[in-house]
Amino acid sequence: MTTTVTPPDTAQSLTLDKLVKTYSSRGRESFQAVKGIDMAIRPGELVALLGPSGCGKTTTLRMIAGLETVTSGSIRIGDREVSQLPAAKRGIGVGFESYALYPPMSVRENLLYGLKARKVKGAEQMVDSISRRLEMDDMMGLRPAGLSSGQKQRVALARALVRNPPVLLLDEPLSHLDASARQRVRRELKVLQREFGYTTIVVTHDQVEALSLADRLAVMDAGVVQQFGTPDEVFDDPANLFVAQFVGEPQINVLHGVARAAGGAVRVEIGSGAGALDTTVTGVADGTKVTVGIRPQDCVIGSATGNGIRVTVAYFEHLLEFGLATSTVAGIEEGIVVQTPAAESYEPEQQVTLSAPAERVYLFDSDSGERLR
C-alpha cells in the first residue's frame, strides 16, 4: 500500500509589509540589502524570487525563515505576526543551498530526525513516500560524505518537504543537479507543491526555473522588487528595462532610437535612415530619444524592400528547433538577434527588412529605464 504525505489542514498566506534589512557595523557605512518589500502571497501559491547575485533575494528568504533579524517591517503567516519569533516557532520548512546535513547519520536518518523529534506519527511512511517521489531510494543508506553535491541538494529538498509545512522556503533548490535531474526534480517539485498545498517561495537566478515553477514571480534588483506578477505578465509586459533584459532567452534586443509622433501615434526611427518601427505607445513628444526593446521571438524578417528597418545579416546559427540571425543596422552599434523558424536560413551580408508587431515594440525612458506606454 502506498502512503503519501497528508496536506496541511489549511494553506497559509504569507504577507511581507515594508520589509527592510540593513547591515551596519562600527566604522563602516551601513548597507541596506532589502529596501521595503511589500508582497502578499496567497495560500498555496508558489512564488519565485528571481534576480542576480546580491539583489537581496536570499536575505529576504532568511528573514522570513527567522535566520536574519528584521530591521523594520512585518512578516505575517496567515494572521500571525512572526517577524520577532524564533525560527523554530514559525512552522516553516526550509531548504537552503547549504545542505546542513548531519554527517554521522544516513540519508534516511537525516530525513527522519526532525519528524521523530516532534513525534510525528507515520514518519517512516512519509520518508518512504518522499524518497520515491524524488528518486532517492538508492541513496537512503548512505551518509552525506558519500553523496555528490546534487544528491545532497536532493536530500535537503526532501527534508524540507517531508516536514509537511504550511509555508515552504527553498533557496536555489535545483542548482547543483545535472540538467536531466534538474528537469525531473523540477517537475516533481511542482506536482508535490500542487498536491500538498504548500505556500512556497523559491529563490533562484535561473529564469527557466522561475518561469516554469512559479504562479507569480518577483524580479528583484538592488534590494527592490522591480515587478511582481505572473510569468506571462513579466515576460509580455515588463515594468522597466531591467525586467525586460533579465527575463527572456535569448535576451531582448535593446536599441536606441528617436520617437516620431504624428496624430497620437508614435513610430521610432532606428539608425541612420534605416527605417522605423510602429508602436502602440502614446504621449511621447516628437524627437524624444528613447530606448527600444524587441524580443528575438517577436522579430519578423521580410524582403529587403518591406516595411520596417533595413538590416544586414552578420551571421546565422541553426539550432535545429529554430535559428538565430544576428544582424546589424547602419548607424547603431547594437546588433539585433532574430529567432527564426527552423526551416529558414540566411547568409552573411544578406540584406533584409526587420519588423515586429506594434504591441511587442517596447519603449523605455533612456535615463530611468522606466517603461513608456
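The largest nonpolar core of this predicted model has 42 residues, and those with the most contacts inside it are L111, L134, M136, V155, L157 and L161. A nonpolar core here is a set of buried Ala, Val, Leu, Ile, Met, Phe, Trp, Tyr and Cys residues joined through side-chain atoms within 4.5 Å, where buried means under 20% relative accessible area, exposed over 50% and partly exposed in between, with a 1.4 Å probe and protein chains only. Because the model is predicted, local features need pLDDT of at least 70 and side-chain atom pairs count only at pLDDT 80 or more, whereas totals for chains, interfaces and linings use all residues. Residues are numbered from 1 along each chain as its sequence is written, and side-chain values use heavy atoms, with hydrogens and water left out.

**The nonpolar cores**

- Leaving aside residues up to four places away in sequence, L157 touches L134, L170, P173, L174, V185 and L189, a contact being heavy atoms within 4.5 Å.
- In soluble globular proteins, nonpolar side chains tend to be buried together.

- In α3 the buried residues are A123, M126, V127, S129, I130 and S131, and what covers them includes α2, α4 and α5.
- After α3 comes E135, whose phi is positive, near 55°.
- Strand β3 is largely enclosed by the rest of the structure, because 5 of its 5 residues are buried.
- From β3, L46, A48 and L50 point one way while V47 and L49 point the other way, and all of them are buried.
- Strand β3 pairs in the parallel sense with β8 (residues 199-204) over 5 bridges, and A48 stands opposite V202 in β8; two strands pair if DSSP finds at least two bridges between them.
- Strand β3 also pairs in the parallel sense with β9, over 4 bridges, where L49 stands opposite A218.

**An open antiparallel sheet**

- Six strands form an open sheet with antiparallel pairing, in the order β13-β12-β11-β14-β20-β21.
- The edge strands of this sheet are β13 (276-278) and β21 (371-372), each of which pairs on one side only.
- Within the sheet, β11 (residues 253-262) and β12 (residues 265-270) pair in the antiparallel sense over 6 bridges, and A262 stands opposite A265 in β12.

- On a 1 Å grid over the protein atoms alone, a cavity is a set of points where a 1.4 Å probe fits but cannot get out, while a pocket is an open set with protein on both sides within 12 Å along at least five of seven lines, and lining residues have an atom within 4 Å of a point.
- The largest pocket holds about 570 Å³ of space, a volume being the space filled by probe spheres set on grid points that are joined across faces, edges and corners.
- This pocket is lined by 25 residues, of which I92, V94, Y102, R159 and R163 are the closest to its centre.
- Two or more lining residues of the pocket come from each of β6 (92-95), α2 (107-117) and α4 (149-162), and α2 gives the most, with 5 residues.
- By class, the pocket lining has 16 nonpolar, 6 polar and 3 charged residues; Ala, Val, Leu, Ile, Met, Phe, Trp, Tyr, Cys and Pro count as nonpolar, Asp, Glu, Lys and Arg as charged, and the others, Gly among them, as polar.
- A search of the whole structure finds 1 cavity of 30 Å³ or more, and the largest cavity holds about 40 Å³ of space.
- Of the 10 residues lining the largest cavity, G95, F96, Q153, L157 and P173 are the closest to its centre.
- Both α4 and β7 (167-171) supply at least two residues of the cavity lining, with α4 giving the most, 3 residues.

**The protein as a whole**

- The secondary structure comes to 8 helices and 21 strands, and 47% of the 373 residues count as buried.
- The C-alpha trace spans about 75 × 50 × 40 Å along its principal axes.
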